[in-house]
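Please look through the structure shown below before reading on. The paragraphs that follow lead from its strands to its helices and then to its charged side chains.

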Amino acid sequence: MRLARIYQQQPLTSGKLIHLSKEAAHHLVRVLRLDVGAEFILFNGEGGEFKASITSVQKNSVSVQIGAFNPINSESSLQVILAQTIVKPEKMDYVLQKSVELGVTHIIPLITERCLLPKLSPERWEKRLSHWQAIMINACEQSGRTKIPTVARAVTFKTALEQIKADIRIILAPNATQTLPQLAKSCHCAAVLVGPEGGWSSSEMNSALAAGYLPLQLGPRILRTETAGLVALTLLQATYGDISLNLV
């Protein structure tokens with residue numbers, strides 16, 4: 001049986017006794033129904049993971065003993081920056097979750113001309129950012145990743161163009177003529193811009209081209225915004241990263 005994986009943002013050392021966060025304790029005891037003596041996996045995003053076991057369950061506290069360290073590395077050698085136009089909350093959650101599973105390194109939520117974005121107060125933006133971070137941590141726990149990808153505060157399209165640095169910078173465009181196999185032979189860091197459901201405006205596309213972004217098409221069919229970025233991530237990992245296409 002596969003052991004549950006729990007992320008804790010604190011120093012971890014074999015042999016040490018620690019108290020879990022309220023959220024982690026609730027998940028282990030109330031959701032997974034684990035009790036004293038149960039084993040699970042603990043990691044803090046610094047690389048590798050630890051075997052751990054529950055030593056005490058109190059009303060408001062769960063104590064665990066940290067066991068042996070496993071230097072496992074499930075991270076791709078390819079760094080991928082996904083600049084995703086903000087979409088409806090449930091679709092954004094899906095993109096975040098699946099992109100983590102596909103090895104994304106950094107996610108930049110984009111505010112574009114045609115994205116459907118309600119006006120949010122600074123407090124609600126912070127709440128949304130915290131929610132996005134939680135989604136990504138949960139995806140790391142599920143997928144076996146040992147490092148937590150980062151998610152930035154939402155930025156405008158213009159700001160993203162200025163800030164993103166990568167070996168290959170791609171803007172997805174259904175009418176583009178270039179495909180991924182035509183790009184560089186090697187790549188250590190790639191960035192992908194994913195547009196809204198209504199597509200890029202002409203000014204956005206022109207700005208991206210002027211900034212050196214390569215327009216890329218993913219095939220003959222029009223993909224939804226929550227699908228396009230994930231397909232691009234898969235192709236990039238298969239070409240430059242750690243997703244294998246060898247079916248033999």
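This is a predicted model: local features need pLDDT of at least 70, side-chain atom pairs count only at pLDDT 80 or more; totals for chains, interfaces and linings use all residues.

Residues are numbered from 1 along each chain as its sequence is written, and side-chain values use heavy atoms, with hydrogens and water left out.

The names of the elements follow DSSP runs numbered from the N terminus, a helix being H or I over at least four residues and a strand being E over at least two. Two strands are said to pair if DSSP finds at least two bridges between them. By that rule β7 and β9 run parallel and are joined by two bridges. Two bridges also join β7 to β8, again in parallel, and there Ile107 stands opposite Val151. Strand β7, residues 106-111, is moreover joined to strand β6, residues 79-85, by five bridges, the two strands running parallel; Ala83 has Ile108 of β7 as its bridge partner. Together β6, α2 and β7 make a right-handed β-α-β unit, where right-handed means that, with the strands pointing away from the viewer, the path from the first strand over the helix to the second runs clockwise.

Another part of the model holds an open sheet of five strands, ordered β1-β3-β4-β5-β2, with mixed pairing. Its edge strands, each of which pairs on one side only, are β1 (5-7) and β2 (17-19). From one strand to the next the twist averages 40 degrees, with axes taken as lines fitted to C-alpha atoms (for helices over the stretch in contact) and angles running from 0 to 180 degrees between N-to-C directions. Helix α3, residues 122-143, lies across β1 and β3 and runs at about 145 degrees to β1.

The charged side chains come next. A salt bridge is counted when a side-chain nitrogen of Lys or Arg is within 4 Å of a carboxyl oxygen of Asp or Glu, and by this rule the count comes to seven. In one of them the side chains of Glu226 and Lys91 meet at 3.9 Å, N to O. This pair links distant parts of the chain, with Glu226 in helix α6 (residues 225-240) and Lys91 in helix α2 (residues 89-101), 135 residues apart. Both Glu226 and Lys91 are buried, where buried means under 20% relative accessible area, exposed over 50% and partly exposed in between, with a 1.4 Å probe and protein chains only. Lys91, Glu197 and Glu226 are linked in a network of salt bridges.

Helix α2 also holds Glu101 and Lys98, three residues apart, about one turn of the helix, and their side chains meet in a salt bridge of 3.3 Å, N to O. Glu101 is partly exposed at 35% relative accessible area, and Lys98 is partly exposed at 24%. A further salt bridge, at 2.9 Å N to O, joins Arg153 and Glu126; because Arg153 lies in the loop between β8 (150-151) and β9 (155-156) and Glu126 in helix α3, the pair ties together parts that are 27 residues apart in sequence. Arg153 is exposed, with a relative accessible area of 52%, whereas Glu126 is partly exposed at 36%.

Leaving aside its neighbours within four places in sequence, Arg128 is in contact (heavy atoms within 4.5 Å) with Ile86, Pro89, Leu117 and Leu120.
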